[in-house]
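Hi,

Here is the structure I promised to pass on. Please open it next to this email and follow along.

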Amino acid sequence: MKLLEERILREGQVRPGNVLKVDCFLNHQLDVELLDQIGQEFYRIFGQDGITKILTIEASGIAIACMTARHFGVPVVFAKKAKSKNIDGEVYTSVVHSYTYGRDYDITLARKFLSPDDKVLIVDDFLANGKAMRGLLDVCRQAGVTVGGIGICIEKGFQPGGAELRAAGYKLASLAIVDHMDDNSLTFRQQ
Ligand code: 5GP
């Protein structure tokens, strides 16, 4: 997606540890017009796939999911990062290793918001090693839902998450794939 690539080139900052900072438009301040176009692009790619819910993980995924859901006309449900007491087993839980913070955290999602009739589109801001996505896929497996697709804003193609998910057969669309980045340059994969 040209518009997203241009924004990354203009405003993205490469930080130590292979972290791309895009807090001017995606992770802190939000460019709603850009998010709307991202949602429209996800609809172009997954709009005919019978999606019934958009699934994401807090916090940065929520805005992307909401703007995407506007195009699909379906609800958003997001996994929470807070530890939740699993009284009577009313939540699905999984453990995720955080790329940016370097530690494990629990995710939880109330059972009542996903059912086996659902076909979900999972969206997130970044895909790096794929740990966050694995946690969401684990929740989907527990809920018995069908994963209709995975929509990512920025995939770091030099990390293995994207290749692993494609090899596993998921319909994965990344709107910008960064193949290389350092202090002086950043290049995208041609798609
Ligand atoms: P993964 O679980 O695929 O290794 O990493 C994905 C998650 O870590 C995303 O939800 C995102 O919040 C965060 N993340 C990974 N790499 C980056 C990065 O380069 N920049 C930012 N801002 N977040 C990242």
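How many bridges join strand E3 to strand E7, and do they run parallel or antiparallel? There are three bridges between E3 and E7, and the two strands run parallel. Keep in mind that this is a predicted model.

**Strand E3**

E3 covers residues 53-57, and E7 covers residues 119-127. Start with Lys53. Its bridge partner in E7 is Val120.

Now look at strand E4, residues 76-79. Four bridges join E4 to E3, again in a parallel arrangement. Here Ile57 stands opposite Ala79.

Between E3 and E4, look for helix H3, residues 60-72. Together, E3, H3 and E4 make a right-handed β-α-β unit.

Next, the side chains. In a regular strand they alternate between the two faces of the sheet. In E3, Lys53, Leu55 and Ile57 point one way. Ile54 and Thr56 point the other way. All of them are buried. Because five of the five residues are buried, E3 is largely enclosed by the rest of the structure.

**Leu137**

Now go to helix H4, residues 131-143, and find Leu137. Is Leu137 buried or exposed? Its relative accessibility is 9%, so Leu137 counts as buried; the cut-off for buried is under 20%.

What does Leu137 touch, leaving aside its neighbours within four places in sequence? Leu137 is in contact with Ile122, Val147, Leu165 and Tyr170. Take Ile122. In sequence, Leu137 and Ile122 are 15 residues apart. In space, they are 8.6 Å apart, C-alpha to C-alpha.

Best wishes

Conventions:
Residues numbered from 1 in each chain as written. Predicted model: local features only at pLDDT ≥ 70, side-chain atom pairs only at ≥ 80, totals over all residues. Heavy atoms only, no water. Buried < 20%, exposed > 50% of the residue type's maximum accessible area, 1.4 Å probe, protein only. Pairing = 2+ DSSP bridges. Right-handed = clockwise from strand over helix to strand, strands pointing away. Contact = heavy atoms within 4.5 Å.
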